[in-house]
Structures are given as structure tokens and as C-alpha cells.
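Have a look at the structure first.

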Amino acid sequence: IVGAGAAGIQCAHDLLSNKTNHDDDDDETDDNHSSLMEPVCILEARDRIGGRIHTVHRTVSHLTDHKNTTTNDNDDDDDNHGLESSMRVIGIDEGAAWVHGTGHPWPSSAQLLPPTDTLLSTHQKNNNAAMDEDLLALSNPIVKLLNQITPPDKNACHEHLIPTVRNGNPWMRPRHVLHAPLMPPPQNEDIIFPEENTHHDELFRDHVALYRKGKRLASTHGHIPQALALHEQIFRAVSKVGHAAYQVGEGLAICSISVSDAIATIRRHAPQLQYRSDNVEALVQFYSYIMTGWFGCTLSEVQLSEFILEDDNDRTVDEKHGDANAPVSDHYREVGDFPGPHCTVKRGMESIFEPLLRQEGVRESIRLQQEVTQIQYKKEAKKVQVTCASGLVVEADA
């Protein structure tokens with residue numbers, strides 16, 4: 001296995017767990033399984049495992065309220081201002097850091113996540129393939145892994161995750177996530193009320209705080225609904241252009257056209273999508289810009305093909321939410337983007353490797369600082385030979 005990232009470690013885990021299962025089965029003598037009996041070797045160029053997952057541990061100062069049970073006449077001279085400082089080690093993710101959707105709503109304190117095999121066995125008993133498939137589609141594999149290292153009386157989400165974004169992908173769904181409720185509004189802020197009868201408690205419950213001239217805007221402020229509508233219209237047009245090109249056999253073209261080029265062309269030729277006020281345009285640019293946080297690159301580097309949606313006639317009522325003109329963000333679903341809250345991991349993303357490394361032989365199979373320089377297939381011998389910069393040569397059956 002080349003690389004000790006998430007895929008490499010998962011691969012080793014699966015191979016070795018299958019090997020263990022075959023070892024435990026005394027009746028299993030089929031030669032077809034002989035390759036599973038061979039040792040596993042993971043070659044990793046770095047001096048650590050994890051690949052894009054890289055959790056570093058740092059000691060930081062943690063401040064807590066200092067609660068005295070007795071009166072201190074020298075409180076005014078307290079250099080710590082009533083706070084106690086303690087040192088604690090925390091995990092900081094310098095690589096991948098998000099669980100993109102739990103796969104289900106955030107559980108209540110009384111709910112426990114059932115083990116994966118329990119979910120399967122329950123619905124296999126019901127013999128309901130559709131329900132089984134739906135449940136599996138909503139299950140985030142990361143949550144399943146964390147569930148394996150969670151005590152039986154604990155909930156995997158509560159034990160390991162911090163819900164940072166309440167309900168969905170904030171980068172792709174500004175209306176329904178960024179401007180969705182998060183927490184009670186802050187007090188004593190200089191607020192712009194869009195209308196005299198607006199309720200204060202309904203104003204600032206968004207994931208994002210937007211300001212104009214130093215004053216915070218409510219999500220109901222005129223500029224924000226206008227910008228959201230324009231943003232959604234633009235990307236629905238982008239999707240329709242891509243879909244039309246695909247339908248007439250120009251599928252390759254949409255792989256060479258960037259989203260930013262498509263937007264510029266569409267807005268030049270569609271009067272209803274052309275320039276609005278400076279404030280609305282600034283917000284539209286902001287909503288487009290945060291998409292780059294999801295793709296990890298600018299929209300000039302994202303292919304038009306990423307935004308193609310199926311034809312409206314092919315969608316179900318649920319997918320349309322009963323609205324044929326629903327925003328493109330309602331339908332967009334990128335690989336790895338699950339329903340439910342988007343979270344960070346309390347002890348760092350490296351936690352997901354713990355259940356995989358527990359499998360006998362996985363940790364021992366990793367060879368660090370072994371940069372692969374050549375892979376050769378020896379046809380006659382039916383072997384694959386892997387050569388590393390250190391001089392190490394590994395052979396495997398092809």
C-alpha cells in the first residue's frame with residue numbers, strides 16, 4: 001500500500017481484518033483467499049501517518065473563573081483579575097478539520113448512536129431494502145468510526161464532536177445555513193433595524209455576522225435578501241447552461257470552462273442578472289467567495305461540470321422541496337457532504353484512526369520515511385515491485 005493516509009490505513013485495516021476472519025475459520029482453505037494471508041506493508045514518505053489529516057498537540061494556557069470561598073481584602077491587587085490559569089494539551093488540526101455533516105440531526109442527550117451492525121440487522125429483518133439504503137446513505141463513515149471508540153453509555157457525537165455549523169454546508173448554502181438560526185442575539189449592539197416592528201430576538205441568530213459601516217445587518221435587511229436571490233439565480237443559470245451543453249453532446253466543453261467564466265458570460269447576456277447596487281454586488285461576491293472554502297480553490301479553477309443539476313423533470317417532490325424554482329444550493333450535494341451539523345473533532349481528526357489502528361498488524365505494517373520512486377509490473381513473474389528512495393524494495397503478487 002503506497003501512502004499511510006486515511007485511504008491507506010483503511011485499506012490495511014480491511015485486508016488484515018479479512019485475514020483475521022479467514023484465520024478464525026478453520027474450514028476456509030480456498031486458494032482464492034491465499035493473497036489475504038500475505039503480510040501487508042504500507043510505505044509512507046513522511047515521518048508521520050495521516051496524509052492530509054495532521055493533528056498537532058500543543059500546550060496552552062486555559063483560564064477559568066477564580067471562585068474564592070472567603071473574602072480577600074487584597075482582591076484589588078490580584079494580578080490575575082479573578083482568573084485561574086492552568087496548562088492543558090489540545091489537538092490542533094493543521095490539515096483536514098471538518099466532519100461534513102453527521103448524517104442525521106444532532107442527537108439529544110438521551111440518544112445513543114446504535115452500532116452499524118445493529119442498524120443493518122434491524123433493517124435486514126424488516127426486509128426493506130429502500131429503508132436500509134436510505135439509512136446507509138445518511139450515515140457518515142467518520143461518525144461510524146468514532147462510534148467504535150465510544151463507551152457504550154455515551155453518544156459518539158457528544159463524546160467526540162463539536163457542532164460548529166448547525167444544519168448543512170455553510171459554503172454552498174448561504175440562505176439556509178449562513179443565515180439560519182445559531183444562538184440568541186448578542187446584547188447592546190448598534191443595530192440597523194430594517195423595519196420598526198422587527199423583533200429583536202429574530203434578528204441575529206445567523207451563523208454569519210455581516211456589517212455595513214460598522215453596524216451589524218439583520219438577515220432580513222433589504223440588501224441581504226436581494227443578494228441571496230441574485231446569487232441563487234446566477235448559479236441556477238450556470239447549472240442550466242452546463243446541463244444544456246451536456247444534453248447536446250458538449251460534455252467535454254463543460255470540463256474546460258470555469259465557473260467564473262460562465263458567470264461573467266451569463267451576466268453579460270442576461271439583463272435580470274446584471275449589476276445591482278454596490279452593496280448587493282458586494283454580498284453576491286461574498287457568497288461566491290465563500291464557495292472557494294469548500295472547493296479549496298478559486299471559482300476560476302472550478303469546472304462548470306461541478307454545478308450541473310439533473311433536469312427538473314427527473315427530480316422528486318422531496319428534492320424540489322415542493323418548489324421547482326428552489327435555489328441551486330438546495331440541490332447541490334458534493335461528495336463527502338452529509339446532512340446534519342458540520343463539526344470539528346474535540347481531540348483532532350487523528351481520532352478517526354484509533355479504531356483502524358487497533359486492528360492487529362496495521363500499526364506494525366507501516367514503514368515511515370519510505371518515499372516510493374518506482375513501481376514496476378513484472379508480467380512473467382506476475383509480481384509488482386516497488387522501489388523506495390532508501391533502497392528498500394518490496395514485491396507483491398499482482
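## Cysteines

A disulfide here is a pair of cysteine sulfur atoms within 2.5 Å. By that rule, this predicted model has zero disulfides.

Take Cys-157: its closest cysteine sulfur belongs to Cys-343 and sits 6.4 Å away, too far for a bond. Cys-157 is also buried, at 0% relative accessibility. Cys-11, on the other hand, is partly exposed, with a relative accessible area of 34%.

## An open sheet

Now for the strands. β10, β11 and β12 line up in that order as an open, antiparallel sheet. The edges go to β10 (372-378) and β12 (393-397); each has a single partner strand, so one side of each lacks a neighbour in the sheet. From one strand to the next, the twist averages 20°.

Between β10 and β11 (residues 383-388) there are six bridges, in the antiparallel sense. Ile-375 faces Val-386 of β11 across that pairing.

## Salt bridges

How many salt bridges does a search of the whole structure find? It turns up six. One of them joins Lys-383 to Asp-397, with the closest N and O atoms 2.8 Å apart. Lys-383 is in β11 and Asp-397 in β12, so this pair ties together parts 14 residues apart in sequence.

Arg-58 and Glu-94 make another, at 2.7 Å between the closest N and O atoms. Those two are 36 residues apart, with Arg-58 in strand β2 (residues 55-65) and Glu-94 in the loop between β3 (83-93) and α2 (116-126). Arg-58 is partly exposed at 41%, and Glu-94 is partly exposed at 45%.

Definitions and conventions: Residues numbered from 1 in each chain as written. Predicted model: local features only at pLDDT ≥ 70, side-chain atom pairs only at ≥ 80, totals over all residues. Heavy atoms only, no water. Pairing = 2+ DSSP bridges. Helix = DSSP H or I, 4+ residues; strand = E, 2+ residues; numbered from the N terminus. Axes fitted to C-alpha atoms, helices over the stretch in contact; angles between N-to-C directions. Buried < 20%, exposed > 50% of the residue type's maximum accessible area, 1.4 Å probe, protein only. Salt bridge = Lys/Arg side-chain N within 4 Å of Asp/Glu carboxyl O.
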